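Here's a quick briefing to read alongside the model. Take a look at the structure first, then work through the notes by topic.

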Amino acid sequence: MRAVVLVGGEGTRLRPLTETIPKPLIPLVDRPFLHHVLDHLARHGVHEVLLSSSYLESAFGAFLSDRRGDPAITWITEASPLGTGGAIANAAQHLEETFLVLNGDILTDLDLSGLVAQHRRNAAVATITLTPVADARPYGLVTVDEAGRVGEFREKPPEPVPGEINAGTYVLEPEAIRDVPSNRPVSIEREVFPSLISSGAPVFGVVSAAYWMDLGTPQKYLQATFDALEGRVGGLSYAAPHVDPTARVSVRAHLGRWVVVGPEARIGEGAVVEDSVILRGGQVGPEAKIRQSIVGPAASVGGGASLDGAILAEGAIVLAGVRSLGARVGAGQTLEA
Ligand code: GDD
Ligand code: MG
């Protein structure tokens, strides 16, 4: 079976980290997030994955050359952003049989094989995985009848309603995208699904109770990291905190349980790090305090600085002694007191 993984978004809600790293390539605990998605697909027998992104396309090159094992990856050129539907249509020549589509920013242990089996039992043209949430506003709200047939798909409803939302994992038949153009941006959520539904095509929803998290915001990225460290995600098992063997952490630093210290990162004497991720080569100076923050690759926090809810992009610098709540420091930029 083949799968399209949608990796071409700009990751705006994770800026400035995503100025230099595409969202799917931000590490989750020990490796770029996309590795976790591809490994999950491999466990369910997917043999080939189609990827495309016009955003930071070159950043995917290193990932593709590092990647080993199944599934095979076919990179498709997407010269300008085609949207979620357009990107799938752009891969249509490779999609002659039933295929999977995954949003590239979802951490889940969903049973993909079971999903495909359910799609076949329903003789569906499209099957949308659903997950319950308390507030559907950031998502696509989906209603189904008793038989599981989708009645309505409403992307980003304005009112804060609870309900079952699109979990960003679909099984599609080639005919579901047959009429979708690939020469302009098309949203599968706003255009393709609503038009399939109104044409009377068999579009089904399958409610899942699997672990599920969209990593699109700093809070959710951190929560997904903590959940992985706590063993709440099937297939993932880590010690908490997770410290890469090449990192150097002072014996007089304090690391909380929900902490990731990436390769070649350094944590100085007397530093306190809690509920945070320090990416490759990140540096936390002596006596600095870091909470609920993401320290980007090769970013550095000066001695005695105190950060809560910060996102430091690649190579960002926080000067010694700075105290800040919710700082956003761009790639190579400096935060002064
Ligand atoms: N190739 C390509 N081209 N991929 C794209 C493009 C594009 O132009 N635009 C977005 N993507 C990818 C993103 O990288 C992401 O993996 C996925 O499509 C979904 O885009 P997001 O920007 O993350 O959408 P969202 O989180 O606001 O909403 C989507 O996901 C929700 C579940 O998390 C929708 O599918 C909602 O209906 C859904 O509930
Ligand atoms: Mg998303």
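Gly-85 is buried, with a relative accessible area of 2%. Keep in mind that this is a predicted model.

- Ser-187 is 102 residues away from Gly-85 in sequence, yet the two C-alpha atoms are 4.8 Å apart in space.
- Leaving out residues up to four places away in sequence, Gly-85 touches Val-180, Val-186, Ser-187 and Ile-188.

**Ligand 1**

- Ligand 1 has 27 residues around it. The closest are Gly-83, Glu-155, Asn-166, Glu-189 and Asp-214.
- Asn-166 uses its backbone here: an N or O atom of that backbone lies 2.6 Å from an oxygen atom of ligand 1.
- Gly-9 also comes in through the backbone, with a polar atom 2.8 Å from an oxygen atom of ligand 1.
- For Glu-78 it's the side chain, which places a polar atom 2.8 Å from a nitrogen atom of ligand 1.

**The magnesium ion**

- Which residues coordinate the magnesium ion (ligand 2)? Asp-105 (OD) and Asp-214 (OD) do, at 2.1 to 2.5 Å.
- Those two residues come from distant parts of the chain, 109 residues apart. Asp-105 is in the loop between strand 6 (99-103) and strand 7 (106-108), while Asp-214 belongs to strand 13 (residues 212-214).
- Buried or exposed, for Asp-105 and Asp-214? Both are buried.

**Salt bridges**

- How many salt bridges does the structure hold? There are 16.
- Asp-39 and Arg-31 pair through their side chains, with 2.4 Å from N to O. Asp-39 counts as partly exposed because its relative accessibility is 22%, which falls between the 20% and 50% cut-offs. Arg-31 is partly exposed as well, at 23%.
- Arg-232 and Asp-227 also form a salt bridge, at 2.4 Å from N to O. Arg-232 is partly exposed at 41% relative accessibility, whereas Asp-227 is buried at 5%.
- Glu-269 and Arg-252 meet in a salt bridge at 3.5 Å, N to O. This pair links distant parts of the chain, 17 residues apart: Glu-269 is in the loop between strand 18 (266-267) and strand 19 (272-274), and Arg-252 is in the loop between strand 15 (248-249) and strand 16 (254-255).
- On accessibility, Glu-269 is partly exposed with a relative accessible area of 43%, and Arg-252 is exposed at 56%.
- Shared partners tie some of the salt bridges together: Asp-30, Arg-31, Asp-39 and Arg-67 end up in one network.

**Aromatic rings**

- The count of aromatic pairs in the structure is five.
- Phe-60 and Trp-75 make a tilted pair, 5.1 Å centre to centre with 35° between the planes. Phe-60 is in helix 2 (residues 59-66) and Trp-75 in strand 5 (residues 72-75), so to speak a link between distant parts of the chain, 15 residues apart.
- Phe-60 is buried, with a relative accessible area of 0%, whereas Trp-75 counts as partly exposed at 23%.
- Stacked is the word for Phe-226 and Trp-258, with 4.9 Å between the centres and 15° between the planes. Because Phe-226 lies in helix 6 (residues 218-229) and Trp-258 in the loop between strand 16 and strand 17 (259-261), the pair ties together parts that are 32 residues apart in sequence.
- Phe-226 is buried, with a relative accessible area of 3%; Trp-258 is partly exposed, at 25%.
- Elsewhere, ring pairs join Phe-153, Tyr-170 and Phe-193 into a cluster.

Note on methods:
Residues numbered from 1 in each chain as written. Chains lettered and ligands numbered in written order. Predicted model: local features only at pLDDT ≥ 70, side-chain atom pairs only at ≥ 80, totals over all residues. Heavy atoms only, no water. Salt bridge = Lys/Arg side-chain N within 4 Å of Asp/Glu carboxyl O. Buried < 20%, exposed > 50% of the residue type's maximum accessible area, 1.4 Å probe, protein only. Helix = DSSP H or I, 4+ residues; strand = E, 2+ residues; numbered from the N terminus. Donors = N, O, S within 2.8 Å, 3.2 Å for Na, K, Ca; no water. Phe/Tyr/Trp six-rings, centres within 6.5 Å; stacked < 30°, edge-to-face > 60°. Contact = heavy atoms within 4.5 Å. Near = heavy atom within 4 Å. Polar contact = N/O pair within 3.5 Å; in protein donor to acceptor, adjacent residues only side chain to side chain.
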